[in-house]
Amino acid sequence: MLDDATRTKTLGRLRRIEGQVQGLQRMIGNDAYCVDILLQISAVQGALEQVQKLLLGRHIESCVTDALRSGSRTDRQQKIEEMLDVFARFGGR
């Protein structure tokens, strides 16, 4: 679960990213220079990575920690498998 501070921060960042993507659409529609578009895409990717890190950190602090403390082997195993899946996906970059 997200706490209010993380939710607010995440939504704010996603709104800025949404604006960046709309800017990309305008750039392409206005036939902007390719390198400028590519640089803007890189900025959007970096911003998304920051959202990803924020959410991952919060997940570890709350959900994973709670599962490890719960004493339930099933909960622990599920969280470990989820984290391995997430890290496998990150590794593809």
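Q: Why is R89 called exposed in this predicted model?
A: R89 has a relative accessible area of 59%. Exposed starts over 50%, so R89 gets that label.

Q: What makes R89 and D85 a salt bridge?
A: Their closest N and O atoms are 3.2 Å apart. The cut-off is a Lys or Arg side-chain nitrogen within 4 Å of an Asp or Glu carboxyl oxygen, so this pair counts. Both residues lie in helix α3, 4 residues apart, or about one turn of the helix.

Q: Why is D85 called partly exposed?
A: D85 comes out at 39% relative accessibility.

Q: How far apart are K79 and E82 along helix α3?
A: They sit 3 residues apart in α3, which spans residues 73–90, so about one helical turn separates them.

Q: What makes E61 and R58 a salt bridge?
A: The closest N and O atoms of this pair are 3.7 Å apart. With a cut-off of 4 Å, the pair therefore qualifies. In helix α2 they are 3 residues apart, so about one helical turn lies between them. As for E61, its 55% relative accessibility is over the 50% mark, so it's exposed.

Q: Which residues are linked with E61 in a network of salt bridges, and how many salt bridges does the structure hold?
A: The network links D3, R58 and E61. The structure holds 5 salt bridges.

Q: What makes up the largest nonpolar core, and where does its largest share come from?
A: I17, L24, I37, V44 and V51 make it up, 5 residues in all. In soluble globular proteins, nonpolar side chains tend to be buried together.

Q: Which residues is I37 in contact with, leaving aside neighbours within four places in sequence?
A: I37 is in contact with L24, M27, I28 and A32.

Technical notes: Residues are numbered from 1 along each chain as its sequence is written. This is a predicted model: local features need pLDDT of at least 70, side-chain atom pairs count only at pLDDT 80 or more; totals for chains, interfaces and linings use all residues. Side-chain values use heavy atoms; hydrogens and water are left out. A nonpolar core is a set of buried Ala, Val, Leu, Ile, Met, Phe, Trp, Tyr and Cys residues joined through side-chain atoms within 4.5 Å. Buried means under 20% relative accessible area, exposed over 50%, partly exposed in between (1.4 Å probe, protein chains only). Contact means heavy atoms within 4.5 Å. Helices (H or I, at least four residues) and strands (E, at least two) are DSSP runs, numbered from the N terminus.
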